[in-house]
Amino acid sequence: MFLTEAATIGLVGGIIGGLISAAASLGMNLLALGGPSWNNVGKAIFGGTDVTRMSIIPWWLFICAVLFSVVIGLIFGFAPANKAVRVPALDAIKNEQ
């Protein structure tokens, strides 16, 4: 359960980080093209023969970044999961006050 939570937190964090970087890349490209307009949004995202974009994030980099964040979450979730495995179930649910 701890490892699933750690992997999920890493997945969500990786996706949020990827979306933030995509928004920053889009903003930089829009500024380079002369400001935000509907015409420039398509050029900033897809490029073209007459368009030079400042920032390009390939799809495989986004996937690798998300996988990397999941792996980091699993690595740092291993210690709490290992500690939880060693505690007997009855001791874990016992309420001592």
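Student: Leaving aside its neighbours within four places in sequence, which residues is Leu 11 in contact with?

Tutor: Leu 11 is in contact with Val 66 and Val 70, where contact means heavy atoms within 4.5 Å. A caution on the source: this is a predicted model, where local features need pLDDT of at least 70, side-chain atom pairs count only at pLDDT 80 or more, and totals for chains, interfaces and linings use all residues. Residues are numbered from 1 along each chain as its sequence is written, and side-chain values use heavy atoms, with hydrogens and water left out.

Student: Is Leu 11 buried or partly exposed?

Tutor: Leu 11 is partly exposed, with a relative accessible area of 36%. Buried means under 20% relative accessible area, exposed over 50%, and partly exposed in between, with a 1.4 Å probe and protein chains only.

Student: And which helix is Leu 11 in?

Tutor: Leu 11 is in helix H1. Helices (H or I, at least four residues) and strands (E, at least two) are DSSP runs, numbered from the N terminus.

Student: How many residues does H1 have, and how far does it reach?

Tutor: H1 has 31 residues and reaches 45 Å from its first C-alpha to its last. That is close to the 45 Å expected at 1.5 Å a residue; the expected span is 1.5 Å times one less than the number of residues.

Student: Which residues of H1 are buried?

Tutor: The buried ones are Ala 6, Ala 7, Gly 10, Gly 14, Gly 18, Ser 25, Asn 29 and Leu 30. An α-helix has 3.6 residues a turn, so residues three or four places apart point the same way.

Student: What covers the buried residues of H1?

Tutor: The cover includes H2 and helix H3 (59-85).

Student: Let's switch to pockets. What is the volume of the largest pocket?

Tutor: The largest pocket has a volume of about 190 Å³. On a 1 Å grid over the protein atoms alone, a pocket is an open set of points where a 1.4 Å probe fits, with protein on both sides within 12 Å along at least five of seven lines; lining residues have an atom within 4 Å of a point. Grid points are joined across faces, edges and corners, and the volume is the space filled by probe spheres set on the points.

Student: Which residues lie nearest its centre?

Tutor: Of the 13 lining residues, Ala 22, Ser 25, Leu 26, Ile 45 and Ile 57 lie nearest the centre of the largest pocket. H1 gives the largest share of the lining, 6 residues.

Student: Take Ser 25 and Leu 26. Which residues do they touch?

Tutor: Not counting residues up to four places away in sequence, Leu 26 touches Val 41, Ala 44 and Ile 45. With the neighbours within four places left aside, Ser 25 is in contact with Ser 55, Ile 56 and Ile 57. Ser 25 is buried at a relative accessible area of 8%, while Leu 26 is partly exposed at 27%.

Student: Zooming out, how many helices and strands does the chain have?

Tutor: The chain has 4 helices and 0 strands. Its radius of gyration is 21 Å, well over the 13 Å that the globule rule gives for 97 residues, so the chain is more spread out than a compact globule. That radius is taken over C-alpha atoms, and the rule is 2.2 Å times the number of residues to the power 0.38.

Student: What box do the C-alpha atoms fill?

Tutor: Roughly 70 × 25 × 15 Å, taken along the principal axes.
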